[in-house]
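Dear colleague,

I am handing over the structure below, and my notes on what was found in it follow. Please read them with the coordinates open beside you.

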Amino acid sequence: MVPPRAPSFWDAHGSPVPGLPAGEAGLRPYGDVHRSPGVVPSYSPGVSEAAQFEPEPWGDDPRLVEVLGSQGAAGFRTLLDGFPEAVGVLWAIRDEGDSIVDFAFGYGNPAMLRGFRLPAETRDKYTLLEALAPMRGSNAFAAYVEVCDTGRAFVNEVHYDTPFGDGYMLGTFHHRVAKLGDGIVVFLHDVTEERRMQSELKAYADVVAHDLSAPLSGIALLVTALELRPGEPPSAEILQELRATTGRARGLIDGVLDYARSGELTRDRVALQDVMTEVCADLRAELDDAGASLVVGELPDVEGDPRQLRRVLQNLVANAVKFRSERPLEIEVSAQRGSREWVVSVRDNGIGIGREDAGHVFDMFSRVTPNVDGTGIGLAICRRVVEAHGGHIWVESADGGGSVFRFTLPAGDETRE
Ligand code: ADP
């Protein structure tokens, strides 16, 4: 039985859907996918979550024995059972004219079964095209057929976000396929995190080019003006504008540095209740200015990095203040215990987030409310910290308006080594 995942995305109608990750279902070659950081799914199964699904082995594969002999098949399995990449063997299914029409599952190593949550019955229950519908008629299927028919290996990069039999494939993979008997061996090396970092770095380069060049041009103009009128001081207005733009540049640089560091964690027992008390103290002035009522429920102790978890709560509460509506601001921080994890919620009655924006506010530099000051980095940091802890983060609409940000953290009592 595949344990349900917490909702991490909104469906086409904007409702959070439990059990499935964000994004458009399908199978796409790399290049289509990373147009912007927003396209990379905001959910990726963390190591701790993958570890929670302990796959049953698929049992002996008679065709592997046919091709490699019983000793060879045993050696092959021993080698690949411990292999860190996902590896699968598929056998050709041919029609009367000897053309390959589909593939049957032969062997899947534990990394494959665990990574995609594939139950043992997958092998007998599905063919490849039944399990992975987007493969039908795809270039990838044609490439599999070609590898099997010609023996020429095939390498590409592919992004999956699709059901796979009774499991689910999600992520970007370096995909290598070679011939084995009348079938193929598929190696999938997970590069999701690297690609996300790359696309975020690219977005950073774009933002740096755009946002940092504006204040620099402003400074250059001012210097020219000063050179032309050495006796005349620059106007207060221009100086104020310069201060604001250089402040924004500084905020961007600090934010990107914070983001870069937010994946590095220390591990401690963290009392979230105490962390929240510190957050309240730090944000006291802002909360008072906004006339906010902040209700903090009972929060658990978890395993994690106290500084980084504080950053998450601080960002979420500060955002609740920043994106408040005309109504008197009410913020509520609470936690519920799930079967294996804590779900921490920060609820506000502010301006809320449109359904169409809910999926990408966690992306680097993503800003939905441009008239309010900010860099669009805060929620990206929250996501990075939460995922580094093995959890996930998402946003829902609050009843009666406003937003509820929720994030999960593995329940420390089960994850402690
Ligand atoms: P910043 O606050 O610097 O713009 P964030 O990454 O913290 O960047 O937030 C990204 C965007 O998400 C914000 O620009 C805003 O549009 C939206 N947002 C974040 N928190 C809230 C909230 N509590 N209510 C409404 N919108 C929010």
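The axes of α11 and α13 come within 9 Å of each other and cross at roughly 145°, where axes are lines fitted to C-alpha atoms, for helices over the stretch in contact, and angles run from 0 to 180 degrees between N-to-C directions. Helices (H or I, at least four residues) and strands (E, at least two) are DSSP runs, numbered from the N terminus. This is a predicted model, in which local features need pLDDT of at least 70 and side-chain atom pairs count only at pLDDT 80 or more, while totals for chains, interfaces and linings use all residues. Residues are numbered from 1 along each chain as its sequence is written.

The crossing of α11 past α13 is left-handed, that is, the near helix is turned anticlockwise from the far one by less than a right angle. On the α11 side the contact is made by Q308, L309, R311, V312, N315, L316 and N319, which meet G378, L379, I381, C382, V385 and V386 in α13; contact here requires C-beta atoms, placed from the backbone, within 7 Å. The residues of this contact divide into eight nonpolar, four polar and one charged (Ala, Val, Leu, Ile, Met, Phe, Trp, Tyr, Cys and Pro count as nonpolar, Asp, Glu, Lys and Arg as charged, and the others, Gly among them, as polar).

Of the 23 residues around the ligand, N319, V368, G374, G378 and L379 come nearest, a residue being near if its C-beta atom, placed from the backbone, lies within 6 Å. The elements giving two or more residues to this shell are α11 (306–322) and α13 (378–388), and α11 gives the most, with four residues. By class, the shell has nine nonpolar, eleven polar and three charged residues.

Within α11, the buried residues include Q308, L309, R311, V312 and N319 (buried means 20 or more other C-beta atoms within 10 Å of the residue's own, exposed 12 or fewer, and partly exposed in between, with C-beta atoms placed from the backbone).

**Two residues with positive phi**

Most residues other than glycine have a negative phi. D98, in the loop between β2 (86–94) and β3 (100–108), has a positive phi of about 70°, and D98 is exposed, with 8 other C-beta atoms within 10 Å. R117, in the loop between α3 (110–115) and α4 (122–125), has a phi near 55°, but R117 is buried, with 22 other C-beta atoms within 10 Å.

With best wishes

Conventions
Two residues are in contact if their C-beta atoms, placed from the backbone, lie within 7 Å.
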